[in-house]
Amino acid sequence: MIESKEISALFHLIDDPDVEVYTTISDKLISFGKAIIPNLENLWENTTSEEIQERIESIIHKLHFRDLTDDFMNWKNGSNELLQGALLTAQYHYPEMQGTQPLQELEKLRRNIWLELNSYLTPLEQVNVMTSILYNYYKLKGTEIAYAQPEEFLINKTLETKKGNAISNGIIYLVLCELLDIPVKAINIPRQFILAYFDPHYQVLNPSGHASEKINFYIDPLNGQVYSHKDVENYFKRISVPPTPSYFRQLDSKKVICFLLEELSKCFDNDNNRYKMNELLSLVKLLEE
């Protein structure tokens, strides 16, 4: 813990009823950075006032969020790796989370899938291997998107509970495909989070072809079900939306993480948590700038 008379003085004023005074105190404490968190936690443990405890929790949250914003900025300007973006998103909800456990789980999955793959498999056979290990052997379950369950959007909890929605399951699927050089990408089909197997040779031979022609087939990450072009055409007819080329373009990692953050923000669309919704949307804005 940091020891200083200034911090002691600030702690004595943390319960000041004047909002402006409290805001000044809060900003000053945040300026010390995460090193002051042990002091704040100690103060929390030694106070009986719920109001002071709430204020301390708010300051600690702001400290974590400031660091997370910096981390997202570095991610945006750096590697843009999908896995890292998903882990950063999970840290919003679990700021003390260590990435070791998710990485170990993913490595086990990668190794099990890799052992079953070989260069003679067709695209569909490759995906069948992925699906069999992920959903049958590993027992990953898919759940419909429920904004009352923020954990089901987060990669660490999905790997821990083996239960996630189409977005978190899909990110796990995409990360494994990246690690195994399987050309599966997320696409922008409305009201769905769907993956597509892109023919690696088509782009070279037909650079000006329609976006959907580059795709061999589609994968539902909720359960690994494979869809044909006809299935997707029928879906567009059912929702009365014309299938324009933009819906079939690959989403890069930044767009996938923006979509994840936007959907996660909807879990906090209530008076008590609206600040969380706004914070998550501010991260989307940061990534889109």
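**Helix α12 and selected residues of the predicted chain**

The buried residues of helix α12 are covered by elements that include α4, α5, α9 (166–179), β3 (184–187) and α13 (274–288); here, buried means under 20% relative accessible area, exposed means over 50%, and partly exposed lies in between, with a 1.4 Å probe and protein chains only. Helices (DSSP runs of H or I, at least four residues) and strands (runs of E, at least two) are numbered from the N terminus. The structure is a predicted model, in which local features need pLDDT of at least 70 and side-chain atom pairs count only at pLDDT 80 or more, while totals for chains, interfaces and linings use all residues. Residues are numbered from 1 along each chain as its sequence is written, and side-chain values use heavy atoms, with hydrogens and water left out.

Helix α12 comprises 13 residues, 253–265, and extends 18 Å from its first C-alpha to its last. This span is close to the 18 Å expected at 1.5 Å a residue, the expected value being 1.5 Å times one less than the number of residues. The buried residues of α12 include Val-256, Ile-257, Leu-260, Leu-261 and Leu-264. Ser-253, Cys-258, Glu-263 and Ser-265 are also among the buried residues of this helix. In general, an α-helix has 3.6 residues a turn, so residues three or four places apart point the same way.

Helix α4, one of the elements covering the buried residues of α12, contains Arg-55. Arg-55 is classed as buried because its relative accessible area is 13%. Leaving aside residues up to four places away in sequence, Arg-55 touches Ile-14, Asp-15, Asp-16 and Tyr-22, where contact means heavy atoms within 4.5 Å. A polar atom of the Arg-55 side chain lies 2.9 Å from the backbone oxygen of Asp-16.

Asn-80, with a phi of about 60 degrees, is placed in the loop between α4 (50–77) and α5 (82–93). Because its relative accessibility is 22%, Asn-80 counts as partly exposed. Lys-162 likewise has a positive phi of about 60 degrees and is found in the loop between α8 (155–161) and β2 (163–164). The relative accessible area of Lys-162 is 32%, so this residue is partly exposed.

His-229 belongs to helix α11 (residues 229–238). Its relative accessibility of 28% is the reason that His-229 counts as partly exposed. With residues up to four places away in sequence not counted, His-229 touches Ser-212, Ile-215, Asn-216 and Tyr-218. The side chains of His-229 and Tyr-218 are joined by a polar contact of 3.1 Å; such a contact is a pair of N or O atoms within 3.5 Å, of which, within protein, one must be able to donate a hydrogen and the other to accept it, and residues adjacent in sequence count only if both atoms are side-chain atoms. The His-229 side chain also reaches the backbone oxygen of Ile-215 at 2.7 Å. Between His-229 and Glu-213, 16 residues apart in sequence, the C-alpha to C-alpha distance is 9.2 Å.

For the protein chain as a whole, 13 helices and six strands are assigned. Of its 289 residues, 46% count as buried. The C-alpha atoms fill a box of roughly 70 × 40 × 30 Å, taken along the principal axes. Among contacts with a separation of 6 or more, 59% are between residues 24 or more positions apart.
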